[in-house]
Amino acid sequence: MMMPLLLAAPLIGAIVNGLILRPATAKRAGVIASIAALTSFASVMVQHFAPDAGPFEWTWFTVGELTVKWSFASDPLTWMMCAVVTGIGSLIHIYSIGYMSHEHNAYRYFAYLNFFLFNMLVLITSTSLLGMFVGWEGVGLCSYLLIGYWFEDINKAKAGMKAFIVNRIGDAGFLIGIFICYQLFKTLNFAEIAKLLDTQTFDVRMLNLAAFFLFIGAMGKSAQIPLYVWLPDAMAGPTPVSALIHAATMVTAGIYLICRMNGLFLVAQDTSLFIAIIGISTALLSALIATSQRDIKKVLAYSTVSQLGLMFLALGCGAYLAAIFHVMTHAFFKALLFLGSGSVIHACEGEQDIWKMGGLKKKLPSTFLTFTIGTIAIAGIPPLAGFFSKDMILYSALTAKSYGTTFWILGLLVSFLTAFYMVRVWALTFLGEYRGDKHPHESPATMLIPLYILAFGSIVAGFLGMPEGLHLLPNYLEAFLHPVLGPLVEGHGALSEERAMAVATVSAIIACSLGFYFYSKPERSETPGKILVPFKTVFENKFWVDELYGLVIVKPFDALCAFFAKFFDPNIIDGLVLLPSKAAQGMGSLLVLLQTGIVQTYLLFFVFGLLVLFMVLLKGVVL
Amino acid sequence: MGMEHLLLWLVTLPLIGALVCFALTDELSKYFALVVTLLGWVLAFFVYQGFDSAHATQLQMVFNYPWLNSMGVSFGLGIDGISFPLVILTKLMMPIAILASFNEKKFMRFFMSCYLVLDSAMTGTFLATDMVLFYVFWELMLIPMILLIGVWGSEQRVFASVKFFIYTFAGSMLMLASIFYLFSQTHVQLGQYTGEIAAFTKLNFSPVEVFWGLNAEKLVFLGFFIAFAIKVPLFPLHTWLPDAHVQAPTGGSILLAAVLLKMGTYGLLRFAIPIAPNAFVEFSTCVAYLAIIGILYGAWVAYQQKDMKKLVAYSSVSHLGFCVLGICSMNTKGLTGSMLQMVNHGITTGALFLLVGMLYERRHTKKFEDYGGLAAIVPYFSILFVFVACSSMGVPGLNGFVGEFLVFMGAFEANQTWAFVTVTGVVFGALYTLTMVKKTLFGPVTNAENRSLKDVTLKEWAAILPLCILIVYLGLAPNSFLSKFNQSLDTYWAETLKKTALDAGTVK
């Protein structure tokens, strides 16, 4: 891989757009940014990974025995992630040219987008935990800047800040994970750590601890319970950003981290079980929330959280390949869905409420077609991409060492809900009569071409990882990633893979049919809606998690800080400091009373003093 | 100009410049001061080039002139790996502080000569190899500083300057008592009076407890420690800082944050620890607790501030807490992190005060409520503000990160709980920094007066650009700077803790 070009192109693009040229029109800025992204993509494509091609590196800092280097290298996993990131990234850059065409100062947007790409590639290609952390924080920063892109709206600025702060909580965990890893391995280099884990034995408790803290980092970036709350708010950013950063690439960084450190997580059994539990809980919770959201982007956001949860379930079950497979297919269909929703929002002049849409099938035929493909793909209907990757996850859950069947049933439930809420969104948006008051129009070609390409990807990407059991195609992905992720763990579950597949397919079809029945004619959903009111209220209000955090964490914390800042610091600490000066003043003002200016008084003091002196002297003589 | 006089020039050139300033017109004096401080850059460059990194532990470029021979006091200057980065930092910040003061209306030449005297005093404090000379420079620093605050400050300037003076002076008195004791001991133990700092570290202390379980060594340590802790400032001795910063003119704030606060940490490393290592080892846990409290407390209080300068002032309490914690870790990682953090805090906070000063010059207010939505009006300013904010909250790739990371590493090695607690500082750091960014730059423009704000001027670019370059450079390649002096840091603990019960072998 042409590593220097891969990294340099988007960085140069960002600098040219943001600092040097600052083009006035979105088109010019967009073209520059897209060329940069495509250059990166081309550099991934022209050359396959070459682990022995000699990574380029230089020393970052040295302290005693600790040496940290900037070094970038590639192996199959890196290559695949780079391909996904730069490929989908390029499409989204091109799409943005159309989407942002009405924006002033769009150079800022494109500069951030390029800079994001650069940081994401640093994250992926770094050969050490700390190097990865650089990209990790960098993408967080870009995410912050892009969510708050329309900074005049203070709520958007706040959403950006929330994303950054919540991510930082995860990052603090990540840092501790790094410290523990360094204490254990005396190196932060991935390859060296993997080698040590192979050749030496370590205290399992410490390994679990290291894995646990690294996972906290992943929790933040990949939006898992309890740190998922920033992702739905992140939808305040422009929609292509949601597609690229908050669906396809950045949020999968946590999964990439765990895959990169798979040697560690494989041994850290307890942490892995914890990851699986967090993963499936997140998946279920957010799928339930997604069923009742009115905002098209919010549905997709919760859907992303839910899909990420499934990936963590796979990671927790030791199926790293399944998780990465789903990262890839999800990148295609979720980017597609987000861009499709962007096209819809663009057409409806900013409207995001699906109840004010409807009937867009005829007005936006291309968007409709591609969105439909995305919906089928995510719903898990064979043979589209989502089916195979989800199958791999569910089957690995089923064959997991502990709680396999439970995980499988819950995973199946999540897939069922996914199919249901996606068909709901799809039907409410495109079918029936138009319920809004705008004049929807189809998007320009720069926006539609990426949609078609992503739709194609959503159809075929699954064929790369078809299960061997079907005897249709070899599992290319497993063969490709085998050197990094090891073999797909084969276990025995309650069902054979074919049967599990059949069950999943049937459940997806039932879910789709239910969704179609209720929401192709929305009035049909009224009756069951009434019965399910209590549930609906809970889901609509997102289980009141934000409110709970506000009450339990944010408010008390603010109050504590306010107490320190407004009372404790100025009155107690500074009060103590000023006490001597106050005391001196008080003494002074008392002594002033003695300075009467009347000679008689002074004489009185004089005589009194003389008496005292005499008495003291006398006492001295007597003793 | 021989190497042996280089340090002498470093100290005396600004002092001469300060005298010349009086003879000039107000207009001329500021350009003159700028030239003098830029010459300081040139001299600093020679020092940088001439400094022998292979012998960083030894005093180099020594200049020694007998002063009070009968008392063994001399005018001695020298530079080693501990003072090297801080001297460079001092010289670096001077022209920037001068540039930031160009628009002052009042008594310009006195203003400039105050800066130049301060320059001399700060440089001298870092370079002095003689205890008496050090103390002279240490106190000399106070005079231009209280004038800067008290004459050219904001509304409450006199109160702030008196508070600053009395607070630091109280600490200095305790230090002076320690110095007197040590000075008398040189006569007793070494047979003759000497002011040489190196000699002080050879002194032994009697284990007899004087009072409250404190022996001579602990008392000496506490005398130094309190003086330095006030300067740092370490929680709970920090309340002079917000007042001083809020009232000080921009240039004064820059130097106060960038250099003066480092006197405290430098003093710990140069005097308190090597002279009384046993006492330090004993107290180090307590000091670490204060540092940790300072890190969190400073961040929490900063988060609630309504005044920009106050926010930055409290953020300094938090950042300097990292420096002290790194020292208390008693390992090379912590110490290196601490030293980097000192330099980086100087650069970053200096840049932040510079930016806040730009706004203040335009709008004469530092309150957040008067701003908001500036990103739409002054794009370049906003880029700089966000950039420096990133550096302040330790975004990796910029300068703030490496120091902070190494302090964490050091703390983790020393005591894992310390690291667990302080690592939350990265969250709170982001919290107050982004709050500041949000309140200043984002949201709608609420104040109509802000609509006509001018963006960064050429002069302001000249002041901030060097800092921005360093923020990136030290973030990406700190090693090129670090390797100049890291030998001192690597051997520091083995050297200083030789006298303690801690086996040198166990100290990394």
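This is a predicted model: local features need pLDDT of at least 70, side-chain atom pairs count only at pLDDT 80 or more; totals for chains, interfaces and linings use all residues.
I took the bend at a residue as the angle between axes fitted to the seven residues ending there and the seven starting there. Residues are numbered from 1 along each chain as its sequence is written, and chains are lettered from A in the order in which they are written.

**Helix H1 of chain A**

I looked up H1(A), residues 3-21, and found a kink of about 25° centred on A:Ile15. Helices here are DSSP runs of H or I with at least four residues, strands are E runs of at least two, and both are numbered from the N terminus. The end C-alpha atoms of H1(A) are 26 Å apart, which agrees with the 27 Å that its 19 residues should span at 1.5 Å a residue; the expected span is 1.5 Å times one less than the number of residues. I listed its buried residues, among them A:Met3, A:Pro10 and A:Asn17. Buried means that 20 or more other C-beta atoms, placed from the backbone, lie within 10 Å of the residue's own.

**Chain A overall**

I noted 26 helices and 2 strands in chain A. Its C-alpha atoms fill a box of roughly 120 × 65 × 55 Å along the principal axes. Of its 623 residues, 55% count as buried.

**H5 and H6 of chain A**

I checked H5(A), residues 129-147, against H6(A), residues 154-185: their axes come within 8 Å and cross at roughly 170°. That makes the two roughly antiparallel, a label for angles over 145 degrees. Axes are lines fitted to C-alpha atoms over the stretch in contact, with angles from 0 to 180 degrees between N-to-C directions. Residues of H5(A) in the contact include A:Phe133 and A:Trp136, and those of H6(A) include A:Phe164 and A:Phe174. Contact requires C-beta atoms, placed from the backbone, within 7 Å.

**Chain B**

I found H13(B), residues 332-363, to reach 46 Å from its first C-alpha to its last, close to the 46 Å expected. Of its 32 residues, 28 are buried. B:His364 follows H13(B) with a positive phi near 55°.

**Contact of the chains**

I recorded 42 residues from chain B and 37 residues from chain A in the contact. H13 is one of the elements giving two or more residues to the chain B side, but H17(B) gives the largest share, 7 residues.

How values were computed: Angles under 35 degrees count as roughly parallel, over 145 as roughly antiparallel, 65 to 115 as roughly perpendicular and the rest as oblique. Two residues are in contact if their C-beta atoms, placed from the backbone, lie within 7 Å. A residue is buried if 20 or more other C-beta atoms lie within 10 Å of its own, exposed if 12 or fewer, and partly exposed in between; C-beta atoms are placed from the backbone.
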